[in-house]
Amino acid sequence: PLSGESLSAQPPGGQVALGDSLVLSCAVAAGTGPLSFSWHRGGSGAPLGTGPRLELHHIGHNDSGHYQCQASDGDSVTESVPLNVTIL
């Protein structure tokens, strides 16, 4: 089973100045097989991206909210703790 999923942000804490860029990274400490990732904001259905990194450029007020990554190894799915992105 997958375990130890973590979500990190650059800049740290998810506080971004208007118009700046935000990079979110997802990592899994333990798992087997090839991993697939998907990114979600505020429980939205369609994924924002697939892959271990999500890059948002020219951040606007509508980009604020809670971001989560999901990782799957084909058998099990794990979700990160939501990260609250704040626009300064």
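**Strand pairing**

Guide: Start at the hairpin of β6 and β7: 4 residues lie between the strands, and G74 there takes a positive phi near 95°. Keep in mind that this is a predicted model.

Visitor: How many bridges hold β6 and β7, and in which sense do they pair?
Guide: β6 and β7 (residues 77-79) pair over 3 bridges in the antiparallel sense. S72 has V77 in β7 as its bridge partner.

Visitor: What about β4 and β6, how many bridges there?
Guide: β4 (residues 36-41) pairs with β6 (residues 65-72) over 6 bridges, also antiparallel. Within that pairing, W39 has C69 in β6 as its bridge partner.

Visitor: And β8, how is that joined to β6?
Guide: Strand β8 (residues 83-87) is joined to β6 by 3 bridges, and the two run antiparallel. N84 in β8 stands opposite H66.

Visitor: Switching topic. In what order do the strands of the open sheet come?
Guide: The order is β1-β3-β5, 3 strands with antiparallel pairing. β1 (3-10) and β5 (53-56) are at the edges with a single partner strand each, so one side of each has no neighbour in the sheet.

Visitor: By what angle are neighbouring strands of that sheet turned against each other?
Guide: On average by 15°, with direction ignored.

Visitor: Which residue in β5 is the bridge partner of S25?
Guide: R53 is the bridge partner of S25. Strand β3 (residues 22-30) and β5 pair over 4 bridges in the antiparallel sense.

Note on methods: Residues numbered from 1 in each chain as written. Predicted model: local features only at pLDDT ≥ 70, side-chain atom pairs only at ≥ 80, totals over all residues. Heavy atoms only, no water. Pairing = 2+ DSSP bridges. Axes fitted to C-alpha atoms, helices over the stretch in contact; angles between N-to-C directions.
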